[in-house]
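Open the model in your viewer and show it as a cartoon.

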Amino acid sequence: VAEGSIGLRALDPEAARRLGDFRSFFDARSMTLEDVWEWVLDTERTGKLSRDVFNARMMGLGWSYEEVKPLFALFDVDGQQDVTMDELELVGLPRRPVEKERKVSRRLANKEKEREACQKVLVEFIGYLNRSYGNIVRAWRLGLDADGDGRLTFQEFCNACKKVGFRGRQKTLWRALCAKGNSSIGLGELDPEAFQILEDFRTFLEENYRTLDDVFERVLDADRSGRCTQEEFLVACRDKLEWTGNARKLFGYLDISMRRDVTIDEMEFLGMRRRVLDRKSVKQQILERQAKDRAEADAMLGRFRSLLSQRYGNLVRAWRTLLDPTGEGKLQFTEFCARCRQVGFQGNLKALWISLDADDTGTVELRELDGDAVAHLEDFGSTLNVFFDDLDTAWSCCLDTDNSGKVTFEEFQSCCRILGYRRDPRALFRYLDVTAEGTLLITEMEALGLPRAKNRELALQLARMRGHEARSEFEVFLTTKYHTSIVYPWRREFCSQVPPEDHLDHSISAEEFCRKCRA
């Protein structure tokens with residue numbers, strides 16, 4: 001437990017030692033699990049061994065009856081009074097190379113099957129897009145990349161597939177496109193050739209022109225019609241630009257309207273910068289005004305936080321004492337304004353509210369005032385909840401160990417260290433110490449959100465239980481429930497997702513151990 005994890009060696013050291021001796025005995029003779037089973041134990045090839053046969057085989061190797069007798073019970077996981085080779089995997093002896101080769105072959109076969117499935121669904125998807133949109137670039141621009149940011153996450157990709165009407169296996173298709181394990185895909189993964197043609201053309205233009213507007217006005221839109229037909233585009237690429245790429249394919253990628261002409265807006269997809277106008281657009285003016293309002297709101301929030309910190313020591317104490325004394329957890333605008341006037345804040349309350357209620361829910365919470373403090377409180381509450389069912393048990397077991405009714409910082413710091421709390425205990429103590437008296441009461445700890453005990457006497461009784469007593473009670477519970485040694489419940493309940501050969505050396509965190517115990 002000192003290393004932060006719990007394994008069979010911590011739960012049942014004697015059982016772990018016996019299993020380790022069994023493994024070491026055959027490891028020293030360079031024997032695999034198959035060698036031990038076929039040459040030593042199951043020499044008659046029956047597939048299983050009774051207790052008497054197992055004992056006889058092991059005693060024939062020089063083991064004493066006292067050593068062999070408990071060993072059989074550790075291997076007999078299902079309690080059928082016999083053991084199989086699979087049950088011996090617990091000790092982690094090496095397997096024969098041929099078995100490993102078969103596993104490798106199966107993995108390779110599965111990989112090949114997966115590759116073929118990926119290739120098949122990718123071909124289906126590309127064909128579907130070409131039939132529906134004419135080419136992949138048009139499908140990307142009109143159907144897949146709805147927000148135009150150039151990338152798709154897995155969720156966005158699944159939504160896009162539904163939008164365009166593709167009903168193939170989306171997860172397999174995603175694996176085919178994300179062969180390198182990327183978290184998003186772009187046009188380059190769907191149609192590398194088209195992506196490269198577009199990139200080459202953009203690079204070529206940027207080497208010769210400052211903006212897309214310059215290219216369109218000087219080269220493509222000679223008649224100032226606002227459009228460039230396919231014929232004009234092909235002639236311009238060949239004679240004016242002297243671009244050697246495939247201009248016909250390129251035009252098809254740019255002509256998303258399929259009217260055999262392109263506008264400068266359609267060509268924005270290339271990613272070239274546009275000409276900046278001196279006069280600000282209405283949209284730009286709105287954005288600048290919004291940015292100014294946001295800056296004012298943020299400044300107002302800074303002033304408000306400074307005032308509360310000066311008056312109350314920290315924002316959590318201010319929230320619990322002034323803003324939310326009833327502990328409801330959130331404030332509406334009218335309540336918030338009343339509290340601000342009460343503390344004497346003279347700033348723009350509307351701007352302050354906008355800054356706090358960034359998600360526009362109509363209420364504000366402590367999280368929006370001091371997110372870091374909330375993280376401290378939630379982490380500590382979660383830590384206590386791992387080990388204790390209610391606040392009273394946690395208080396009596398770990399915090400108020402001298403039953404004085406209050407907890408000093410030294411006691412609190414010791415509790416944090418024992419429980420493995422990783423954040424700053426001094427800051428957390430200040431957040432909980434609402435009265436600023438330097439000690440904590442159990443009522444102040446209620447802010448953590450843990451339920452109070454239904455039976456406070458039982459909570460005190462659990463608190464008085466010493467470590468060895470709790471462990472003894474736990475062992476009795478396991479052996480009574482499963483009618484066997486601790487090895488069986490360890491393998492069944494704590495190692496259910498772990499390969500059998502790793503059960504002996506497997507360990508889990510304290511949090512996971514407590515969760516499984518409650519389950």
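Start with the whole chain, which is a predicted model. Among contacts between residues at least 6 apart in sequence, 60% join residues at least 24 apart. Colour by secondary structure: the chain has 28 helices and ten strands.

The C-alpha atoms fill a box of roughly 105 × 80 × 35 Å. The radius of gyration is 35 Å, whereas a compact globule of 519 residues would have one near 24 Å.

Of the 519 residues, 43% count as buried. Colour the charged side chains: 80 are positive and 89 are negative. The centres of these two sets lie 3 Å apart.

**First stop: helix α24**

Select residues 425–432, which form helix α24. How many of its eight residues are buried? Six of the eight are, and the helix is mostly covered. Show side chains for Pro 425, Ala 427, Leu 428, Phe 429, Tyr 431 and Leu 432, the buried residues of α24.

- α17, residues 315–323
- α21, residues 371–387
- β8, residues 407–408
- α23, residues 409–419
- β9, residues 439–440

Then select Asp 424, which caps the N-terminal end of α24. Draw a distance from its side chain to the backbone nitrogen of Arg 426: a side-chain oxygen of Asp 424 lies 3.1 Å from that nitrogen.

**Second stop: two loop residues with positive phi**

Select Arg 224, in the loop between α12 (212–220) and β6 (228–229). Its phi is positive, about 55°, although Arg 224 is not a glycine. Is Arg 224 buried or exposed? Residues over 50% relative accessibility count as exposed, and Arg 224 is at 58%, so it counts as exposed.

Move on to Glu 242, in the loop between α13 (230–240) and α14 (247–254). Glu 242 is likewise a residue other than glycine with a positive phi, near 55°. Its relative accessibility is 60%, so Glu 242 counts as exposed.

To finish, show Asp 424 at the N-terminal end of α24, then Arg 224 and Glu 242 in their loops.

How values were computed. Residues numbered from 1 in each chain as written. Predicted model: local features only at pLDDT ≥ 70, side-chain atom pairs only at ≥ 80, totals over all residues. Heavy atoms only, no water. Helix = DSSP H or I, 4+ residues; strand = E, 2+ residues; numbered from the N terminus. Rg over C-alpha atoms; globule rule 2.2 N^0.38 Å. Buried < 20%, exposed > 50% of the residue type's maximum accessible area, 1.4 Å probe, protein only. Contact = heavy atoms within 4.5 Å. Lys, Arg positive; Asp, Glu negative; His and termini not counted. Charge placed at Lys NZ, Arg CZ, Asp CG, Glu CD. Polar contact = N/O pair within 3.5 Å; in protein donor to acceptor, adjacent residues only side chain to side chain.
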